[in-house]
Amino acid sequence: MIQDHDPEIRAGEYVLGLLGAAETVAFESQMAGDPKLGAAVARWRERLAPIDATAQRFEPSAGLWLRIENELGVISAPLQTASSSPATGTRIAQWWDNLWLWRGAAFAGVATAVLLAIGLVAALDRARRQPVMVAVLLTETNVAAAVVNTFADGRVELLPLQDIAVPQGRALEIWTLWDRATGPRSVGLIDRARAVPLRLDNLPLGTDQLFEITVEPAAGSPTGRPTGPIIAKGLTARRL
Amino acid sequence: MAVNAAQSHGTGIEQALAACAGGDKNALRRIYDQECPRMIGVAQRMLKRRALAEEAVQDSFILIWRHAGRFDPQRGSGLTWIYAILRNRTLSILRDEKRMETDESPIAEEAASEEDDPETVMAKLSDAKALRGCLETLPAPRRGMVLLAFVQGLSHGEIAGKLGMPLGTVKSWIRRSLLALKECLG
(Lines give C-alpha, C1' and ligand atoms only; values in the text may rest on other atoms or scores of the structure.)
Protein backbone atom coordinates (compact mmCIF):
# COMPACT_ATOMS: atom_id res chain seq x y z
CA MET A 1 0.00 0.00 0.00
CA ILE A 2 1.67 3.14 -1.15
CA GLN A 3 0.02 6.34 -0.15
CA ASP A 4 -0.64 8.83 -2.87
CA HIS A 5 -0.89 11.90 -0.75
CA ASP A 6 2.77 12.88 -0.76
CA PRO A 7 3.84 13.03 -4.39
CA GLU A 8 7.40 13.94 -3.40
CA ILE A 9 7.80 10.68 -1.47
CA ARG A 10 6.17 8.67 -4.22
CA ALA A 11 8.58 10.29 -6.70
CA GLY A 12 11.40 9.18 -4.40
CA GLU A 13 10.11 5.62 -4.39
CA TYR A 14 9.90 5.73 -8.18
CA VAL A 15 13.52 6.89 -8.47
CA LEU A 16 14.62 4.19 -6.03
CA GLY A 17 12.95 1.68 -8.36
CA LEU A 18 10.51 0.55 -5.70
CA LEU A 19 7.24 0.84 -7.62
CA GLY A 20 5.91 -2.37 -9.13
CA ALA A 21 5.48 -2.74 -12.89
CA ALA A 22 1.85 -1.60 -12.96
CA GLU A 23 2.52 1.20 -10.46
CA THR A 24 5.47 2.38 -12.53
CA VAL A 25 3.37 2.58 -15.66
CA ALA A 26 0.62 4.43 -13.80
CA PHE A 27 3.15 6.77 -12.22
CA GLU A 28 4.80 7.52 -15.54
CA SER A 29 1.53 8.35 -17.23
CA GLN A 30 0.63 10.57 -14.30
CA MET A 31 4.01 12.26 -14.56
CA ALA A 32 3.43 12.89 -18.27
CA GLY A 33 0.54 15.19 -17.39
CA ASP A 34 2.00 16.67 -14.22
CA PRO A 35 5.14 18.80 -14.56
CA LYS A 36 5.38 19.14 -10.76
CA LEU A 37 5.71 15.40 -10.42
CA GLY A 38 8.33 15.39 -13.18
CA ALA A 39 10.25 18.08 -11.28
CA ALA A 40 10.05 16.04 -8.06
CA VAL A 41 11.52 13.05 -9.91
CA ALA A 42 14.28 15.24 -11.34
CA ARG A 43 15.11 16.51 -7.84
CA TRP A 44 15.43 12.96 -6.50
CA ARG A 45 17.63 11.96 -9.40
CA GLU A 46 19.98 14.87 -8.69
CA ARG A 47 19.96 14.18 -4.96
CA LEU A 48 20.86 10.51 -5.36
CA ALA A 49 23.25 10.88 -8.32
CA PRO A 50 26.36 10.85 -6.08
CA ILE A 51 25.56 7.21 -5.23
CA ASP A 52 25.92 6.20 -8.87
CA ALA A 53 29.25 8.01 -8.89
CA THR A 54 30.55 5.49 -6.34
CA ALA A 55 30.12 2.57 -8.76
CA GLN A 56 33.23 0.71 -9.79
CA ARG A 57 34.42 1.33 -13.33
CA PHE A 58 34.69 -1.68 -15.60
CA GLU A 59 36.36 -1.73 -19.00
CA PRO A 60 33.70 -2.54 -21.59
CA SER A 61 34.25 -5.70 -23.60
CA ALA A 62 35.91 -5.10 -26.94
CA GLY A 63 32.77 -5.52 -29.05
CA LEU A 64 30.43 -3.28 -27.11
CA TRP A 65 30.90 -0.08 -29.07
CA LEU A 66 30.68 -2.01 -32.32
CA ARG A 67 27.35 -3.51 -31.26
CA ILE A 68 26.04 -0.06 -30.43
CA GLU A 69 27.24 1.31 -33.77
CA ASN A 70 25.65 -1.57 -35.66
CA GLU A 71 22.36 -0.97 -33.97
CA LEU A 72 22.59 2.75 -34.67
CA GLY A 73 23.22 1.96 -38.31
CA VAL A 74 19.89 0.19 -38.49
CA ILE A 75 17.86 2.86 -36.76
CA SER A 76 19.69 5.75 -38.52
CA ALA A 77 19.02 9.32 -37.45
CA PRO A 78 17.90 10.29 -33.95
CA LEU A 79 14.25 11.12 -33.48
CA GLN A 80 13.65 14.84 -33.77
CA THR A 81 10.88 14.91 -31.27
CA ALA A 82 11.92 17.70 -28.96
CA SER A 83 9.66 20.24 -30.62
CA SER A 84 7.24 18.10 -32.60
CA SER A 85 6.09 15.74 -29.86
CA PRO A 86 3.52 16.98 -27.36
CA ALA A 87 4.94 16.99 -23.86
CA THR A 88 2.21 14.73 -22.57
CA GLY A 89 3.23 11.88 -24.82
CA THR A 90 6.88 11.97 -23.94
CA ARG A 91 6.94 9.79 -20.87
CA ILE A 92 4.77 7.10 -22.34
CA ALA A 93 6.75 7.23 -25.53
CA GLN A 94 9.91 6.88 -23.53
CA TRP A 95 8.49 3.98 -21.64
CA TRP A 96 7.34 2.39 -24.84
CA ASP A 97 10.77 2.85 -26.32
CA ASN A 98 12.09 0.74 -23.52
CA LEU A 99 9.80 -2.04 -24.62
CA TRP A 100 10.62 -1.37 -28.21
CA LEU A 101 14.25 -1.96 -27.55
CA TRP A 102 13.83 -4.74 -25.09
CA ARG A 103 16.89 -6.76 -24.47
CA GLY A 104 18.64 -5.27 -27.47
CA ALA A 105 16.59 -7.29 -29.92
CA ALA A 106 18.26 -6.81 -33.27
CA PHE A 107 16.14 -4.78 -35.61
CA ALA A 108 17.96 -6.38 -38.48
CA GLY A 109 16.87 -9.76 -37.19
CA VAL A 110 13.29 -8.59 -37.12
CA ALA A 111 13.47 -7.39 -40.70
CA THR A 112 14.83 -10.73 -41.84
CA ALA A 113 12.16 -12.53 -39.88
CA VAL A 114 9.44 -10.50 -41.54
CA LEU A 115 10.75 -11.61 -44.91
CA LEU A 116 10.82 -15.19 -43.67
CA ALA A 117 7.32 -14.76 -42.39
CA ILE A 118 5.93 -14.07 -45.81
CA GLY A 119 6.83 -17.60 -46.78
CA LEU A 120 5.55 -18.87 -43.48
CA VAL A 121 2.23 -17.13 -43.85
CA ALA A 122 1.77 -18.52 -47.34
CA ALA A 123 1.96 -21.96 -45.79
CA LEU A 124 -0.42 -21.08 -43.03
CA ASP A 125 -2.97 -19.45 -45.21
CA ARG A 126 -4.56 -22.32 -47.02
CA ALA A 127 -7.71 -20.38 -47.63
CA ARG A 128 -7.99 -18.44 -50.85
CA ARG A 129 -8.16 -15.24 -48.88
CA GLN A 130 -4.79 -13.63 -48.68
CA PRO A 131 -3.94 -11.15 -45.98
CA VAL A 132 -3.08 -7.64 -47.04
CA MET A 133 -0.58 -7.12 -44.26
CA VAL A 134 1.17 -9.47 -41.92
CA ALA A 135 3.02 -9.04 -38.66
CA VAL A 136 5.09 -11.86 -37.29
CA LEU A 137 5.38 -11.62 -33.55
CA LEU A 138 8.78 -12.76 -32.38
CA THR A 139 9.86 -13.78 -28.95
CA GLU A 140 12.89 -12.32 -27.30
CA THR A 141 14.96 -15.05 -28.88
CA ASN A 142 13.56 -14.28 -32.34
CA VAL A 143 11.27 -17.30 -32.47
CA ALA A 144 8.03 -16.64 -34.37
CA ALA A 145 5.30 -17.04 -31.74
CA ALA A 146 2.27 -15.72 -33.62
CA VAL A 147 1.16 -14.01 -36.80
CA VAL A 148 -1.24 -11.11 -37.15
CA ASN A 149 -3.03 -11.07 -40.51
CA THR A 150 -5.00 -8.09 -41.75
CA PHE A 151 -7.49 -8.48 -44.59
CA ALA A 152 -8.86 -6.15 -47.21
CA ASP A 153 -12.31 -6.20 -45.57
CA GLY A 154 -10.88 -4.85 -42.32
CA ARG A 155 -10.71 -8.11 -40.44
CA VAL A 156 -7.61 -8.66 -38.34
CA GLU A 157 -6.74 -12.00 -36.78
CA LEU A 158 -4.06 -13.44 -34.57
CA LEU A 159 -2.81 -16.94 -35.24
CA PRO A 160 -0.47 -18.47 -32.68
CA LEU A 161 2.43 -20.52 -33.98
CA GLN A 162 3.63 -21.75 -30.62
CA ASP A 163 1.99 -22.84 -27.45
CA ILE A 164 2.48 -20.06 -24.93
CA ALA A 165 2.63 -20.91 -21.25
CA VAL A 166 0.08 -18.76 -19.42
CA PRO A 167 0.34 -18.77 -15.62
CA GLN A 168 -2.78 -19.61 -13.59
CA GLY A 169 -5.09 -16.61 -13.28
CA ARG A 170 -3.37 -14.72 -16.09
CA ALA A 171 -4.25 -14.08 -19.71
CA LEU A 172 -2.56 -13.01 -22.90
CA GLU A 173 -3.39 -9.50 -24.02
CA ILE A 174 -2.72 -8.28 -27.53
CA TRP A 175 -1.75 -4.66 -28.13
CA THR A 176 -1.16 -2.43 -31.07
CA LEU A 177 0.77 0.79 -31.32
CA TRP A 178 0.53 3.10 -34.29
CA ASP A 179 1.58 6.33 -32.62
CA ARG A 180 3.89 6.57 -29.67
CA ALA A 181 2.22 9.74 -28.48
CA THR A 182 -1.09 7.89 -28.17
CA GLY A 183 0.47 4.80 -26.68
CA PRO A 184 -0.47 1.15 -27.07
CA ARG A 185 -4.13 0.04 -27.29
CA SER A 186 -5.51 -3.30 -26.30
CA VAL A 187 -7.09 -5.20 -29.21
CA GLY A 188 -7.67 -8.62 -27.70
CA LEU A 189 -7.51 -10.81 -24.62
CA ILE A 190 -7.19 -14.60 -24.69
CA ASP A 191 -6.88 -17.16 -21.92
CA ARG A 192 -4.41 -19.28 -23.89
CA ALA A 193 -2.69 -19.28 -27.25
CA ARG A 194 -5.48 -19.66 -29.81
CA ALA A 195 -6.60 -18.04 -33.05
CA VAL A 196 -8.64 -14.93 -32.29
CA PRO A 197 -10.11 -12.03 -34.25
CA LEU A 198 -8.67 -8.71 -33.07
CA ARG A 199 -10.89 -5.73 -32.41
CA LEU A 200 -9.29 -2.80 -34.15
CA ASP A 201 -12.65 -1.09 -34.83
CA ASN A 202 -11.76 2.49 -35.57
CA LEU A 203 -8.08 2.27 -34.75
CA PRO A 204 -5.68 3.10 -37.55
CA LEU A 205 -3.88 0.26 -39.30
CA GLY A 206 -0.82 0.61 -41.46
CA THR A 207 2.56 -0.84 -42.22
CA ASP A 208 5.24 -0.83 -39.53
CA GLN A 209 2.54 -0.85 -36.90
CA LEU A 210 3.54 -2.69 -33.78
CA PHE A 211 1.60 -5.65 -32.40
CA GLU A 212 2.63 -7.35 -29.21
CA ILE A 213 1.43 -9.92 -26.70
CA THR A 214 1.91 -9.47 -22.96
CA VAL A 215 0.92 -11.52 -19.94
CA GLU A 216 -1.73 -9.68 -17.90
CA PRO A 217 -4.25 -10.41 -15.16
CA ALA A 218 -7.14 -12.59 -16.34
CA ALA A 219 -9.43 -9.58 -16.77
CA GLY A 220 -6.84 -7.68 -18.77
CA SER A 221 -4.33 -5.02 -17.79
CA PRO A 222 -5.63 -2.95 -14.85
CA THR A 223 -4.05 0.21 -16.22
CA GLY A 224 -5.11 -0.04 -19.84
CA ARG A 225 -1.41 -0.25 -20.71
CA PRO A 226 0.80 -3.31 -20.97
CA THR A 227 2.13 -4.15 -17.52
CA GLY A 228 3.35 -7.73 -17.75
CA PRO A 229 6.24 -9.37 -19.53
CA ILE A 230 6.25 -9.22 -23.31
CA ILE A 231 5.84 -12.60 -24.95
CA ALA A 232 6.31 -11.56 -28.54
CA LYS A 233 6.07 -8.56 -30.79
CA GLY A 234 6.42 -7.55 -34.42
CA LEU A 235 5.67 -4.93 -37.02
CA THR A 236 3.18 -5.15 -39.85
CA ALA A 237 4.52 -5.46 -43.38
CA ARG A 238 2.63 -5.44 -46.66
CA ARG A 239 2.41 -8.73 -48.51
CA LEU A 240 4.15 -8.81 -51.88
CA MET B 1 36.67 11.75 -6.64
CA ALA B 2 34.43 10.17 -9.21
CA VAL B 3 31.77 12.71 -8.44
CA ASN B 4 34.05 15.67 -8.86
CA ALA B 5 35.39 14.31 -12.09
CA ALA B 6 31.88 13.75 -13.35
CA GLN B 7 30.77 17.22 -12.41
CA SER B 8 33.68 18.92 -14.04
CA HIS B 9 32.77 17.14 -17.28
CA GLY B 10 29.13 18.07 -16.93
CA THR B 11 29.04 20.74 -19.56
CA GLY B 12 30.90 18.43 -21.93
CA ILE B 13 28.09 15.89 -21.63
CA GLU B 14 25.46 18.50 -22.37
CA GLN B 15 27.32 19.67 -25.44
CA ALA B 16 27.73 16.10 -26.56
CA LEU B 17 23.98 15.46 -26.16
CA ALA B 18 23.21 18.51 -28.27
CA ALA B 19 25.61 17.20 -30.93
CA CYS B 20 23.96 13.75 -30.77
CA ALA B 21 20.59 15.39 -31.40
CA GLY B 22 22.17 16.88 -34.50
CA GLY B 23 23.26 13.44 -35.69
CA ASP B 24 26.94 13.51 -34.65
CA LYS B 25 27.94 9.95 -33.76
CA ASN B 26 31.36 11.09 -32.57
CA ALA B 27 29.58 12.92 -29.79
CA LEU B 28 27.96 9.67 -28.67
CA ARG B 29 31.37 8.06 -28.73
CA ARG B 30 32.71 10.83 -26.47
CA ILE B 31 29.96 10.07 -23.95
CA TYR B 32 30.80 6.38 -24.28
CA ASP B 33 34.51 6.93 -23.68
CA GLN B 34 33.83 9.05 -20.63
CA GLU B 35 30.93 7.20 -18.99
CA CYS B 36 30.73 3.63 -20.28
CA PRO B 37 32.96 2.02 -17.60
CA ARG B 38 30.98 3.57 -14.76
CA MET B 39 27.66 2.83 -16.49
CA ILE B 40 28.65 -0.84 -16.60
CA GLY B 41 29.43 -0.59 -12.89
CA VAL B 42 26.02 0.92 -12.07
CA ALA B 43 24.18 -1.70 -14.14
CA GLN B 44 26.25 -4.55 -12.75
CA ARG B 45 25.42 -3.61 -9.17
CA MET B 46 21.82 -4.41 -10.02
CA LEU B 47 22.14 -7.14 -12.65
CA LYS B 48 25.17 -8.93 -11.17
CA ARG B 49 26.13 -10.45 -14.52
CA ARG B 50 28.51 -8.57 -16.78
CA ALA B 51 26.79 -9.66 -19.99
CA LEU B 52 23.43 -8.31 -18.80
CA ALA B 53 25.07 -5.12 -17.57
CA GLU B 54 26.62 -4.54 -20.97
CA GLU B 55 23.28 -5.23 -22.59
CA ALA B 56 21.67 -2.55 -20.43
CA VAL B 57 24.45 -0.14 -21.36
CA GLN B 58 24.10 -0.98 -25.05
CA ASP B 59 20.35 -0.35 -24.98
CA SER B 60 20.93 2.86 -23.04
CA PHE B 61 23.29 4.26 -25.66
CA ILE B 62 20.71 3.57 -28.35
CA LEU B 63 18.09 5.38 -26.24
CA ILE B 64 20.47 8.25 -25.52
CA TRP B 65 21.07 8.64 -29.24
CA ARG B 66 17.41 8.47 -30.17
CA HIS B 67 16.23 10.85 -27.47
CA ALA B 68 19.12 13.27 -27.23
CA GLY B 69 16.84 15.89 -28.77
CA ARG B 70 14.49 15.58 -25.82
CA PHE B 71 17.14 16.32 -23.23
CA ASP B 72 16.22 19.57 -21.50
CA PRO B 73 19.09 21.21 -19.55
CA GLN B 74 16.51 23.15 -17.53
CA ARG B 75 15.36 19.93 -15.93
CA GLY B 76 18.68 18.60 -14.73
CA SER B 77 22.22 17.79 -15.77
CA GLY B 78 23.09 15.74 -18.82
CA LEU B 79 24.84 13.19 -16.67
CA THR B 80 21.77 12.65 -14.50
CA TRP B 81 19.66 12.30 -17.64
CA ILE B 82 21.96 9.60 -18.99
CA TYR B 83 21.97 7.69 -15.72
CA ALA B 84 18.17 7.95 -15.50
CA ILE B 85 17.95 6.20 -18.88
CA LEU B 86 20.45 3.59 -17.74
CA ARG B 87 18.61 2.97 -14.45
CA ASN B 88 15.22 2.63 -16.16
CA ARG B 89 16.63 0.22 -18.68
CA THR B 90 18.54 -1.75 -16.05
CA LEU B 91 15.53 -2.02 -13.76
CA SER B 92 13.31 -3.28 -16.53
CA ILE B 93 15.85 -5.93 -17.50
CA LEU B 94 16.15 -6.86 -13.82
CA ARG B 95 12.38 -7.19 -13.35
CA ASP B 96 11.96 -9.05 -16.65
CA GLU B 97 14.72 -11.51 -15.79
CA LYS B 98 13.10 -12.18 -12.46
CA ARG B 99 9.70 -12.71 -14.07
CA MET B 100 10.94 -14.96 -16.82
CA GLU B 101 12.32 -17.49 -14.34
CA THR B 102 14.77 -19.08 -16.71
CA ASP B 103 16.42 -22.26 -15.56
CA GLU B 104 19.61 -20.37 -14.90
CA SER B 105 19.96 -19.34 -11.30
CA PRO B 106 17.87 -16.22 -10.70
CA ILE B 107 19.67 -12.92 -10.31
CA ALA B 108 18.14 -12.40 -6.89
CA GLU B 109 20.03 -15.42 -5.59
CA GLU B 110 23.37 -14.21 -6.82
CA ALA B 111 25.44 -12.71 -4.11
CA ALA B 112 26.01 -9.00 -4.28
CA SER B 113 29.62 -7.94 -4.29
CA GLU B 114 30.87 -6.53 -1.02
CA GLU B 115 31.61 -3.41 -2.99
CA ASP B 116 27.85 -2.89 -3.30
CA ASP B 117 27.14 -3.35 0.38
CA PRO B 118 25.36 -0.27 1.77
CA GLU B 119 28.08 0.64 4.26
CA THR B 120 30.83 0.25 1.64
CA VAL B 121 28.89 2.55 -0.63
CA MET B 122 28.55 4.99 2.28
CA ALA B 123 32.30 4.99 2.77
CA LYS B 124 32.83 5.79 -0.89
CA LEU B 125 30.42 8.70 -0.68
CA SER B 126 32.89 10.85 1.20
CA ASP B 127 33.20 13.39 -1.55
CA ALA B 128 29.49 13.92 -1.93
CA LYS B 129 29.24 15.78 1.32
CA ALA B 130 25.60 16.81 1.43
CA LEU B 131 24.14 13.42 0.60
CA ARG B 132 26.55 11.56 2.85
CA GLY B 133 25.86 13.90 5.74
CA CYS B 134 22.14 13.48 5.34
CA LEU B 135 22.33 9.70 5.02
CA GLU B 136 24.39 9.65 8.21
CA THR B 137 21.56 11.28 10.12
CA LEU B 138 19.49 8.13 9.43
CA PRO B 139 19.91 5.02 11.59
CA ALA B 140 22.12 2.55 9.70
CA PRO B 141 19.34 0.01 8.98
CA ARG B 142 17.19 2.72 7.42
CA ARG B 143 19.86 4.15 5.18
CA GLY B 144 20.77 0.57 4.32
CA MET B 145 17.28 0.02 2.90
CA VAL B 146 17.49 3.13 0.74
CA LEU B 147 20.89 2.07 -0.55
CA LEU B 148 19.84 -1.55 -1.20
CA ALA B 149 17.00 -0.26 -3.34
CA PHE B 150 19.02 2.32 -5.25
CA VAL B 151 22.32 0.47 -5.56
CA GLN B 152 21.23 -3.15 -5.98
CA GLY B 153 17.76 -2.54 -7.37
CA LEU B 154 16.09 -4.62 -4.66
CA SER B 155 12.31 -4.45 -4.29
CA HIS B 156 10.50 -3.84 -1.00
CA GLY B 157 9.92 -7.59 -0.70
CA GLU B 158 13.55 -8.47 -1.36
CA ILE B 159 14.75 -5.94 1.20
CA ALA B 160 12.30 -7.34 3.73
CA GLY B 161 13.54 -10.88 3.00
CA LYS B 162 17.18 -9.89 3.22
CA LEU B 163 16.80 -8.03 6.51
CA GLY B 164 14.22 -10.42 7.95
CA MET B 165 11.72 -7.64 8.55
CA PRO B 166 8.00 -7.33 7.83
CA LEU B 167 7.19 -5.82 4.44
CA GLY B 168 5.05 -3.06 5.92
CA THR B 169 7.89 -1.95 8.18
CA VAL B 170 10.30 -1.80 5.26
CA LYS B 171 7.86 0.27 3.23
CA SER B 172 7.19 2.75 5.98
CA TRP B 173 10.86 3.05 7.00
CA ILE B 174 11.88 3.79 3.45
CA ARG B 175 9.12 6.37 3.17
CA ARG B 176 10.26 8.01 6.37
CA SER B 177 13.87 7.93 5.22
CA LEU B 178 12.89 9.64 1.99
CA LEU B 179 11.04 12.29 3.96
CA ALA B 180 14.09 12.87 6.16
CA LEU B 181 16.41 13.04 3.15
CA LYS B 182 14.14 15.49 1.41
CA GLU B 183 14.11 17.74 4.49
CA CYS B 184 17.86 17.44 4.92
CA LEU B 185 18.85 17.97 1.28
CA GLY B 186 16.18 20.50 0.44
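Q: A residue is buried if 20 or more other C-beta atoms lie within 10 Å of its own, exposed if 12 or fewer, and partly exposed in between, with C-beta atoms placed from the backbone; what percentage of the residues in chain B is buried?
A: The model is a predicted one, in which local features need pLDDT of at least 70, side-chain atom pairs count only at pLDDT 80 or more, and totals for chains, interfaces and linings use all residues. Residues are numbered from 1 along each chain as its sequence is written, while chains are lettered from A and ligands numbered from 1 in the order in which they are written. Of the 186 residues in chain B, the buried share is 49%.

Q: How many helices does chain B contain?
A: Helices (H or I, at least four residues) and strands (E, at least two) are DSSP runs, numbered from the N terminus. Along its sequence, chain B follows the pattern α-α-α-α-α-α-α-α-α-α. Chain B has 0 strands, and its number of helices is 10.

Q: What share of the contacts in chain B with a separation of 6 or more joins residues 24 or more positions apart?
A: Two residues are in contact if their C-beta atoms, placed from the backbone, lie within 7 Å. Among the contacts of chain B that span a separation of 6 or more, the share from residues 24 or more positions apart is 64%.

Q: Which helix gives the largest share of the side of chain B that touches chain A?
A: The contact between the chains involves 64 residues of chain B and 47 residues of chain A. Elements giving two or more residues to this side of chain B include H3, H4, helix H8 (140-152) and helix H10 (167-185). By class, the side divides into 33 nonpolar, 13 polar and 18 charged residues (Ala, Val, Leu, Ile, Met, Phe, Trp, Tyr, Cys and Pro count as nonpolar, Asp, Glu, Lys and Arg as charged, and the others, Gly among them, as polar). The largest share, 13 residues, comes from H5(B).

Q: Why are helices H3 and H4 of chain B described as oblique to each other?
A: Axes are lines fitted to C-alpha atoms, for helices over the stretch in contact, and angles run from 0 to 180 degrees between N-to-C directions. Angles under 35 degrees count as roughly parallel, over 145 as roughly antiparallel, 65 to 115 as roughly perpendicular and the rest as oblique. Helix H3 (residues 25-47) and helix H4 (residues 50-67) of chain B have axes 8 Å apart and pack at an angle of about 135°. H3(B) and H4(B) are therefore oblique.

Q: How many residues of the contact of H3(B) with H4(B) are nonpolar?
A: The contact includes B:Tyr32, B:Met39 and B:Gln44 of H3(B), and B:Phe61, B:Ile64 and B:Trp65 of H4(B). Its residues comprise 2 charged and 2 polar, and the nonpolar number 15.

Q: Which residue of chain A does B:Gln44 touch?
A: B:Gln44 lies in helix H3 of chain B and is buried, with 24 other C-beta atoms within 10 Å. Between B:Gln44 and B:Thr90 there are 46 residues of sequence separation and 8.8 Å from C-alpha to C-alpha. Not counting residues up to four places away in sequence, B:Gln44 touches B:Arg50, B:Ala53 and, in chain A, A:Phe58.

Q: Is B:Ile64 buried or exposed?
A: B:Ile64 belongs to helix H4 of chain B. Leaving aside residues up to four places away in sequence, B:Ile64 touches B:Cys20, B:Leu28, B:Ile31, B:Ile82 and B:Ile85. With 24 other C-beta atoms within 10 Å, B:Ile64 is buried.

Q: At roughly what angle do helices H1 and H3 of chain A cross?
A: The contact is made by residues including A:Ala11 and A:Tyr14 of H1(A) and A:Trp44 and A:Leu48 of H3(A). By class it has 9 nonpolar, 1 polar and 2 charged residues. The axes of helix H1 (residues 7-16) and helix H3 (residues 35-52) of chain A come within 9 Å, and they cross at roughly 55°.

Q: Which are the edge strands of the open sheet in chain A?
A: The sheet has 8 strands in the order E5-E4-E7-E8-E1-E2-E3-E6, with antiparallel pairing (two strands pair if DSSP finds at least two bridges between them). The edge strands, each pairing on one side only, are strand E5 (185-190) and strand E6 (196-197) of chain A.

Q: How many bridges pair E4(A) with strand E7 (residues 210-217) of chain A?
A: Strand E4 (residues 170-177) of chain A has 7 of its 8 residues buried, so it is largely enclosed by the rest of the structure. E4(A) is joined antiparallel to E5(A) by 5 bridges, and A:Ile174 stands opposite A:Gly188 there. In E7(A), A:Phe211 is the bridge partner of A:Thr176. The antiparallel pairing of E4(A) with E7(A) has a bridge count of 8.
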